[in-house]
Amino acid sequence: MSSRFSVSTLALALAVVAFAGCDREERHSRSKPLGETVPAGESPDTILPGGSQPPAPDPRAKLYDNNAPAIAEGQFLYTRMNCVGCHAHGGGGMGPPLMDDEWRYGGRIDQIAATIAEGRPNGMPAWRGKLTDDQIWKLAAYVRTLSGQPSKDSVSSRSESMSATTPQTLTPREPVHNSDTAER
Amino acid sequence: MRRVNTALLNVIAVVACVGLQACNKNQPGSSSEPVPSGQLPNGPHALPDRAASPPDDGNWVMPGKDYGSTRFSGLNQITPANVGKLVPQFTFSTATTHGYEAPPLVVNGTMYLITPYPNDLYALDLTKPGAPQKWVFKPKPAAASQGVACCGTVNRGAVYDAGKIIFNTLDGQTIAVDANSGQQVWRTQLGNIQKGETLTMAPLVANGKVLVGNSGGEMGVRGWLAALDEGSGKLVWKAYHTGPDKDVLIGSRFKPFYPTDRGKDLGVKTWPPEIWKLGGGPMWGWISYDPASQAIYYGTGNPGPWNADQRPGDNKWTTGVFARDVSSGEALWFYQTTPHDIYDHDDINESILATIPWGNGRRPVLLRPGRNGFFYVMDRRTGQVLSATPYGYVNGYRGVDLKTGRIAVNPDKEPKPGRVSRDICPAAPGLKDWNPSAFSPVTGLVYIPHNNLCMDMAVQPANYIAGTPFVGADVKMYGGPGGYRGAVTAWDPIARKAVWEVHEDLPTWSPALATAGGLVFYGTLDGWFKALDARTGKLLWQFKTGSGIIGQPISYRGPDGRQYIAVVAGVGGWAGGIVENKLDPRDPTGALGFTNAVKDLPGKTTAGGMLYVFALQR
């Protein structure tokens, strides 16, 4: 009785894992490990003099974008590292909003990671050396959820706060404009 | 009969709005008809202090107008009868679009403007047509300071004394500039942005000392007030607002009125171990000075973090009033308005120096419209509270016991971990925030520009990391009972009631100006600059400026002998940050919860930074 139950439970669990796996983050369990690095000063899309090609995206970007565990840990860090004190739950305050469609320093995950690591001149602190590179990438992955960028199956359906912001599963995906029309 | 009807309607409105919880009527740009609620005082009334408030010489040399912080102009050319003919004379763009809270200063034919970050100081020549620029002084503060300014990169004003203009920069410097040449005289670094300290207040110069306090109550700073030598900029004394008595400059002259403020090192003992070092209690508001007793009076800011669960105890010497000797900084008395503050109710609001009839004589008092919603009348020699009366809707407290001086918190509203406290009134910015009142000796009334906001608050553990916010709370604000978010209340400090109030749709974040002509001036968050009849509250004149007004209006006598009214329009600060910084209205907790209360503001005004100067049409 109990073994039959276990077997059926196992089968069910396997089925769930198999189906859920269809649309989950990519896992690179057999690939070579990548060095723990955050791009230094990766800037928003900008003029490339002489018609040169934009630099290739950082390979770590793919590992963290749409990665549910990374986003969940990033969400925890977002509160504990006091990001929430300046950026609120995406609406901004001391710092700019993170749920809208404007990115002063670029809205790609590697650009956000660079902003967190290096800081920015109008008051964004530099976290390199205070957080590990892995933590910085996880934070960047979470920040992108505030404007609905990741796929909906990688985000949480409930908010950590009393805030009445919509759950991340319902956050509309904003376009990403590398622009700054805020009055600074 | 009409009074009864109005009262009845108000009751119905209050009940209806409490029921609906968020009752923000959107009447575009309009204020209500004044609601009369009392009689003008007809006996002896409150008067400004003679020594602190000398007769008007036509200049405006400090934000409070005088040491008594009356914000009263003795000029009387502009009256209720002719104010309708008030027209713009000239304008000036400050080249900034941050929230503009400072007043223009006027000294013998020159106007001085101190901008928000980057804190540029302009001198305009009032003797020439169009008031051309004489010079500009650019202190170039660190851009990073913008990231540790909790509630806008504002500056609340410069001050003129003895040939110098003295002001603070956001990145923690106090600077003296020669008023004629625009050349720097001295510059002193006082605040450290790496610890989250900024300087946003206007200095006060008294008895050869430049008094400056720090901002950063949301960043885990340790609050202080410093005195610099006016000639050299060198530090004379510095009094902390937490910690051991020697740091607080508490010694043998310290004689608080209430027993709860007596004892050794209460700035340490009323905190969990070591927490006083991160305890807040900054000083970013207003100081008054009594030249007769050579005492200064000011209040201290909120304790940190907002999550009060992390700091059991009275948290001295935060959220209270200090009297100090100006020369030595020694504390004379202290009264803690809100021990163990749980709602972010800083006590940095203005302390108006006045005398009130008392027995056969007059008693020297402080008039203090508090952030916690109570109007305090205090004996300024002793620190005794003579009365404490709500001047608007308050449910976060039950009242002030005049025997013990202690305020009673409403336990139903106290934020505790694991629950959301709802409908706390007033909200974190208080019934009134920094924007000062005006006090008219003509009517004996205090004109209080204020909010009518309530909030939901949830606390969670705050994590101290130097240079980042130390708050530990999610807040969501909304309009209070009555369906309006701001008001101007004409308060009789002796009868302890309102004579009239005018309701504003949006929170009122602008200071007030009262004039001998019988007018009260203030601005609205959507850019209307208004003149009310000081006796009745009737709206007599209004002008739509280019941006929301949070600046301090002033009045001066021009080189041509005419009376002028000046104000800078430039929305921002805590209330207007949603416009200035393009915050996203979809997150109700944005701007520490203010976003939710002003979601409609981006549709009603845009950022700016323009001086407007008015006079009667010739």
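This is a predicted model: local features need pLDDT of at least 70, side-chain atom pairs count only at pLDDT 80 or more; totals for chains, interfaces and linings use all residues.
**Figure 1. Secondary structure of chain A.**

**Figure 2. Crossing of helices H3 and H6 in chain A****.** The axis of helix H3 (residues 68-80) of chain A comes within 7 Å of the axis of helix H6 (residues 133-145) of chain A, and the two cross at roughly 95°. Because angles of 65 to 115 degrees count as roughly perpendicular, H3(A) is described as roughly perpendicular to H6(A). On the side of H3(A), the contact is made by Ala70(A), Ile71(A), Glu73(A), Gly74(A), Gln75(A), Leu77(A) and Tyr78(A), while H6(A) contributes Gln135(A), Trp137(A), Lys138(A), Leu139(A), Ala141(A), Tyr142(A) and Thr145(A). Sorted by class, the residues in this contact of H3(A) with H6(A) comprise 8 nonpolar, 4 polar and 2 charged.

**Figure 3. Contact between chain A and chain B****.** The contact draws 30 residues from chain A and 34 residues from chain B. On the side of chain B that touches chain A, at least two residues are supplied by each of strand S30 (453-459), strand S31 (473-479) and helix H4 (573-580) of chain B. The residues on that side of chain B fall into 15 nonpolar, 11 polar and 8 charged.

Conventions:
Residues are numbered from 1 along each chain as its sequence is written. Chains are lettered from A and ligands numbered from 1 in the order in which they are written. Axes are lines fitted to C-alpha atoms, for helices over the stretch in contact, and angles run from 0 to 180 degrees between N-to-C directions. Helices (H or I, at least four residues) and strands (E, at least two) are DSSP runs, numbered from the N terminus. Angles under 35 degrees count as roughly parallel, over 145 as roughly antiparallel, 65 to 115 as roughly perpendicular and the rest as oblique. Two residues are in contact if their C-beta atoms, placed from the backbone, lie within 7 Å. Ala, Val, Leu, Ile, Met, Phe, Trp, Tyr, Cys and Pro count as nonpolar, Asp, Glu, Lys and Arg as charged, and the others, Gly among them, as polar.
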